[in-house]
Amino acid sequence: MVLIPVSQCAKSLDFGPSKPLPQALPPFAVRDGERAFLVSGFDRTDGDAVVLVGQIHELLSALYPSLTAPETARLAQQLGESLGFELRDAWLSLQGLRASDELVSLLAKVASSPRLFQDWVAAKGISLRELTALTLASGPAVDGFCIDLARSPASKAQGVAILELWCELAAMKTAPAAVQLSNPEAALKELQALRSPRTSARDTEAAARLKTIAWPAHTQARWVRQGDQAGIEIKFHLYSELDLERQLQGLTKVREHLSKDLWNRH
Amino acid sequence: MESPLKNHFERVYVHESARGSRLAARAAEFFGAARIEWVSERPLAAVQGALSPSEFERSKRQLFITRFEGAFFKQCPGAQNVACCNYFVLNLGQQCNMNCSYCYLQSYLNSPLLTLYSNIEDALQELAAMRERHADLPIRIGTGEVMDSLSLDELTRHSVDLIEFFKTVPKWKLEFKTKSDNVGQFLDRSHAGNVFVSWSINPQYVISREEHGTATLERRLVAARQCADRGFKIAFHIDPMIWHPEWRENYGALIDRLMELFTPDELPQISVGALRFQPDQRHMMRARFGMESLVTSGELFLSRDGKLRYDQATRNEMFKFVVERFRANSPLWKVWLCMESPESWLSTFESTPRNVKELEPLFRPLPNPKALGVAHGGLR
């Protein structure tokens, strides 16, 4: 076993892994020509590192078999800067990723995003694929939005959808200056309305018309969108056959209004 | 005037398996022998799996001529929850030299090359085997599923071979589907009256923004007029309709121009469809065309068949507009919806396709693919 003092190792591959190396284990290093690079235990300042023998990209892949999206992005950045794009691409290939122009651009974007956002992405298990919209937007507003999103109570699904919508709107130069991310569901609706203004206006109008219709007593009706279709959701309770009869009569009366005020206008 | 196709490709690869083929010889003549790179392996072999946007972009400019060992002929599987017409596809290559922002090939192809198959004689043999058993069935066969039928025809001349074959199966219909105006190579050929040349059309406003590298609307219409004058059946697909603020004016003008140039008798079918694509395709489209595109910036929602589409009410409005514009001119125009939900049919025609008398033959189910002895697959 070959050892090398940690102090003699370069730390340029420190990609900030989310899980620190257990204190009981020695750090590892690899050699690239005359230089030695620390590849784990980046927080160590003294003691020796065990020098691993082999190809750097293969050793890194073995040491870190499952990285989060931000970790992948950071390590790719560090590898490219320290040891060249060829080695970076070889390592990416071992991760099942092909170093296309778009992937490299996305990795750079993720790696340079605010750390708070990166930690949120890692904690939520968001994939690189789910972050592709990030490449659409640029500028300080993106960082600000990413930080706000990371601080919000949004679930993974909400967060991914909010991020994509906001980035698309930013690219279309229609992103709102502020989004109330403290309520992710409302934020999502707001962004969807901005992203689909025409359809949203149509839905709002239909919902308003629905309210002007005299529905039978104890009946709740609302305008609901389900994907590419929108229509009326009606809710009522039946306790007897008589109830059913009354509801049917009531709905028959409403039918004419629906034809005149809703279906033929919508 | 030199064909723009001559300078379209950055590389022209021909596989050894295609040596001696007519297509390889034509490629050498068309591009010049010096430009041909003979290869014994598929180039860009390292590119495996789904293509990145830049790889897809590049694939349009890397031509690869090779022998194909699989089945050329397949039945179009249609898709869930959409009304489907009986249609078979004959794939003589894959990828397209044109570049429409909404093209479904972006979510379908994973080859880094535009590929043309050199052994059309094997494709014709497959058709001949089918002819032995089913020459009397009203089968429609198209060559425009994973590539444009005619945009590369000045190189391949496949149209000429197919027209010749279809003389022997007068009950079958051959459909070339294109956005080009390349028809000169077969205009003077004799045919059995069962060759449809169809154009996917859009207003020039949409063509200029979304259908890059295609023929202008007027050139497509002129080509169609030439075909009709030579006895070829012609068809138009107003598909995909793309919403934009001036869509009524632009689609209205398109329909008026069609009605000016053709009569209902000359157009046995006009299919209409609206923008649709697989949700995953949005990543590639955004990367390749940005958010200024009418397609990427469109208001699209997930439909029951898993594709992104305009809101049903918007689609109904667009389809009704098209149908009413034609009907106002004459009830004889035969318009139908392509890849649409029963809701769209009911809203537009107050009926489903199998109940529209004029369209019934088109949608009458054929025996299943196994009984026909062909593969079932493809896209959509």
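Predicted model: local features only at pLDDT ≥ 70, side-chain atom pairs only at ≥ 80, totals over all residues.
Helix 2, residues 69–83, packs against helix 5, residues 115–124, both of chain A, at an angle of about 130 degrees. Angles over 145 degrees would count as roughly antiparallel, and 65 to 115 as roughly perpendicular, so helix 2 of chain A and helix 5 of chain A are oblique to each other. Their axes are 7 Å apart.

Which residues make that contact? From helix 2 of chain A they are A:Ala69, A:Pro70 and A:Glu71. Helix 5 of chain A brings A:Gln118, A:Val121 and A:Ala122. By class, that is four nonpolar residues, one polar and one charged.

Next, the strands of chain B. Strand 1 of chain B, residues 11–15, pairs with strand 3 of chain B, residues 62–66, in the parallel sense over four bridges. In one of the pairings, B:Val14 has B:Ile65 as its bridge partner. Strand 1 of chain B also runs parallel to strand 2 of chain B, residues 36–39, and four bridges join them. Here B:Tyr13 is partnered by B:Glu37. To get from strand 1 to strand 2 of chain B, the chain passes through helix 1 of chain B, residues 22–31, and this β-α-β crossover is right-handed.

Last, the contact between the chains. Chain A gives 19 residues to it, and chain B gives 19 residues. On the side of chain A that touches chain B, helix 4 (101–111), helix 7 (156–171), helix 9 (197–212) and strand 6 (229–235) of chain A each supply at least two residues. That side of chain A has five nonpolar, seven polar and seven charged residues.

Notes. Residues numbered from 1 in each chain as written. Chains lettered and ligands numbered in written order. Contact = placed C-beta atoms within 7 Å. Nonpolar A, V, L, I, M, F, W, Y, C, P; charged D, E, K, R; others polar. Pairing = 2+ DSSP bridges. Right-handed = clockwise from strand over helix to strand, strands pointing away. Axes fitted to C-alpha atoms, helices over the stretch in contact; angles between N-to-C directions. Parallel < 35°, antiparallel > 145°, perpendicular 65-115°, else oblique.
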